[in-house]
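Here are my notes for a first look at this one. Keep the viewer open as you go through the points.

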Amino acid sequence: MAQAEVERSIRDWDAPGIEAVSPGVHRVPLPLPGDALKAVNVYVIEDGDGLVLIDSGQYLSDARIGLERALATLGAGIGDVRDFLVTHVHRDHYTQAIALRREFGTRVSLGAGESVSIAAVQDPANAPISRQHKLLELCGAAPLIELLRHLAPNEGDALRGLFETPDAWLEDRVVVDLSSRALRVVSTPGHTRGHVVFYDEGAQLLFAGDHVLPHITPSIAFEPVPSENALGRYLASLSLVRNLPDARLLPAHGPVVPSVHARVDELVVHHEHRLDATFEAVAEGRHTPYEAAQGLRWTRRERPFETLDPMNQMLAVMETKVHLDLLAAQGRILQGISDGVLVFETLPVAGAS
Ligand SMILES: [Zn+2]
């Protein structure tokens, strides 16, 4: 492809349709509500007389129509889908699979580590809104809770019933033996605690879900039950895929790009810079995750915190918290709790009296 063509295909990755990425493997971008992520890729694998899909898209009539149209170009329909192999429990990956299972009996598999989140969502005492509010209180972000209270309940509530238990829990290192290829399940906790990627060594492809994305840095631990030191786990999971032989990156959001290794290296550098900037924020006297988030710049456009909408401010506070947690785990800062709020301090200077 000429350079201009390459750039266009990168920019238009979310245009509806179906793209052949490897013999027997197709990328199908499906729409999402809102414009933040634009779309989610579902990968269709032709396997014998059926189809296996990596991720499913969000339960949404436009997403179903998009999937039907894409499969029709292969002379197939949704009833030909034998398995959904889902990378993680987020709604844009999981909920359409469960809706289609109800209708077609399709098998749904999910990483075993997500069982904690599935159980939490199914627990009626554990409403998602109060869960997020508790976490924000812990981060010192009480003013933000007020802003979020005024937002209409989001579509997440309508999707809640779709977080059913999968047919199979995928364990780390298990090989999913298809007739056309073997997919190795690799547990990559971080984005969520039970995130998995599927590695196709024969075809040199990594179905990466949201673990490695080409243009954005995945959020960390935005999930019903956040894990301890989630950023530390995420970075360990990055080095795990960095240690596999290099492969083409088949992400859930964004275009297919040639090298997993190249993108992992960029993400590692990004988090190193982010850790340094977060340390500086604490050194300037910003002690809570909320205060530190306000001292940092956000998105690739380096936006001030105040210009983000409340939902993105919430994500920014949580992102800051995981960086603070890792700095504390590394012994670079001290962590304490004051009036139910996390507070972080730089270490006292040695020898000062
Ligand atoms: Zn996603």
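**Notes on the core, the domains and one loop**

1. Start with the largest nonpolar core, which has 84 residues; Val-42, Tyr-43, Leu-53, Val-197, Leu-206, Phe-207 and Val-317 have the most contacts inside it. A nonpolar core here is a set of buried Ala, Val, Leu, Ile, Met, Phe, Trp, Tyr and Cys residues joined through C-beta atoms within 7 Å. Buried means 20 or more other C-beta atoms within 10 Å of a residue's own, exposed means 12 or fewer, and partly exposed is in between, with C-beta atoms placed from the backbone. Helix H11 gives the most to this core, with eight residues. Both domain 1 (3-260) and domain 2 (269-346) supply at least three residues each.

2. Before going further: this is a predicted model, where local features need pLDDT of at least 70 and side-chain atom pairs count only at pLDDT 80 or more, while totals for chains, interfaces and linings use all residues. Residues are numbered from 1 along each chain as its sequence is written.

3. Zoom in on Val-42. Leaving out residues up to four places away in sequence, Val-42 touches Val-28, Leu-30, Leu-53, Ile-54, Asp-55, Ser-56, Gly-57 and Leu-67. Contact means C-beta atoms, placed from the backbone, that lie within 7 Å.

4. Now the two domains, whose bounds come from an automatic or database domain assignment. Their C-alpha centres lie 27 Å apart, and 21 residues of domain 1 are in contact with 22 residues of domain 2. On the domain 1 side, helix H5 (128-138), helix H6 (142-149) and H8 give two or more residues. That side divides into 14 nonpolar, six polar and one charged residues. For these classes, Ala, Val, Leu, Ile, Met, Phe, Trp, Tyr, Cys and Pro are nonpolar, Asp, Glu, Lys and Arg are charged, and the others, Gly among them, are polar.

5. How do H8 and H11 meet? The axes of H8 (residues 230-242) and H11 (residues 310-329) come within 7 Å and cross at roughly 85°, so the two helices are roughly perpendicular (65 to 115 degrees). Ala-230, Leu-231 and Gly-232 in H8 meet Val-322, His-323, Asp-325, Leu-326 and Ala-329 in H11. By class, this contact has five nonpolar, two polar and one charged residues.

6. Last, a loop residue: Glu-164 sits between helix H7 (156-159) and strand E7 (168-170). Helices (H or I, at least four residues) and strands (E, at least two) are DSSP runs, numbered from the N terminus. Glu-164 counts as partly exposed because it has 17 C-beta neighbours inside 10 Å.

Key:
Axes are lines fitted to C-alpha atoms, for helices over the stretch in contact, and angles run from 0 to 180 degrees between N-to-C directions. Angles under 35 degrees count as roughly parallel, over 145 as roughly antiparallel, 65 to 115 as roughly perpendicular and the rest as oblique. Two residues are in contact if their C-beta atoms, placed from the backbone, lie within 7 Å.
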